[in-house]
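Here are my notes on the model you asked me to look over. They are set out as numbered points, so that each can be checked against the coordinates.

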Amino acid sequence: MKTFQAPIIFLDHDGVICLRGNWGSRFKKAQRWAKEHDISLAGFYERPDLPVGILFDDFDQKAVKVLNGIINETGADIIVSSDWRLQADLPALQRFYLEQGVIKGPIGMTGICRDAQFEEARVKEIQGWLEQSPRPNWVAVDDMDLSALGRFVHTPRSSEGIKQSGVAEKIIRLLKEP
Ligand SMILES: [Mg+2]
């Protein structure tokens with residue numbers, strides 16, 4: 001019997017599910033939290049007791065709905081390819097996803113490629129993950145151009161990201177087609 005291997009979405013955050021209108025929202029959350037706890041903002045981000053919810057900008061709630069629709073329809077798992085993975089470990093990102101309303105936290109993150117930059121690095125990071133755990137069905141979603149990967153959906157509009165018309169359909173098609 002063939003076991004089901006969930007398809008994989010390599011997911012970027014900024015410009016995909018954290019949109020232009022959300023950028024900087026972490027600072028307002030930090031200010032509010034500091035005020036509530038009566039602590040100073042000096043050295044704020046070095047504090048070990050910060051809740052993950054205030055470390056990052058919020059996800060766009062409509063983008064979260066679109067992502068949840070894709071997960072529901074395909075059973076896909078998420079691997080974080082966003083640079084946010086450099087600022088938090090996987091359990092923290094999982095908590096953040098759930099707090100933001102995503103129905104499933106990510107199951108992993110891509111590694112870090114140090115001998116390339118920008119698009120080239122991200123392409124290599126995703127290819128590296130797939131070499132370790134080959135899957136027939138996967139797609140990368142990013143506002144950078146990762147078309148070198150082949151199985152790729154671009155979200156070039158930072159105010160729309162994954163909400164842009166036609167994007168969810170393309171992602172679903174690639175997740176269903178080996
Ligand atoms: Mg991005």
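This is a predicted model: local features need pLDDT of at least 70, side-chain atom pairs count only at pLDDT 80 or more; totals for chains, interfaces and linings use all residues.

1. The magnesium ion is coordinated by OD of Asp12, O of Asp14 and OD of Asp143, at 2.1 to 2.3 Å. Along the sequence these donor residues follow the spacing D-x1-D-x128-D. Asp12 counts as buried because its relative accessibility, 4%, falls under the 20% cut-off, whereas Asp14, at 28%, counts as partly exposed.

2. Strand E2, which runs over residues 77-80, sends Asp77 and Ile79 one way and Ile78 and Val80 the other way, and all of these residues are buried.

3. E2 pairs with strand E1 (residues 8-11) in the parallel sense over four bridges, with Ile9 standing opposite Ile78. With strand E3 (residues 108-109), E2 again pairs in the parallel sense, here over two bridges, and Met109 in E3 is the bridge partner of Val80. Between E2 and E3 the chain passes through helix H3, and this β-α-β crossover is right-handed.

4. Helix H1 (residues 25-36) has twelve residues and reaches 17 Å from its first C-alpha to its last, which is close to the 16 Å expected at 1.5 Å a residue. After H1 comes Asp38, which has a positive phi, near 55 degrees.

5. Which residues of H1 are buried? They are Ser25, Lys29, Ala30, Trp33 and Ala34. An α-helix has 3.6 residues a turn, so residues three or four places apart point the same way. The cover over the buried residues of H1 includes helix H3 (90-99).

Terms used
Residues are numbered from 1 along each chain as its sequence is written. Side-chain values use heavy atoms; hydrogens and water are left out. The expected span of a helix is 1.5 Å times one less than its number of residues. Buried means under 20% relative accessible area, exposed over 50%, partly exposed in between (1.4 Å probe, protein chains only). Contact means heavy atoms within 4.5 Å. Donors are N, O and S atoms within 2.8 Å of the metal (3.2 Å for Na, K and Ca); water is not among the atoms, so sites may look incomplete. Two strands pair if DSSP finds at least two bridges between them. A crossover is right-handed if, with the strands pointing away from the viewer, the path from the first strand over the helix to the second runs clockwise.
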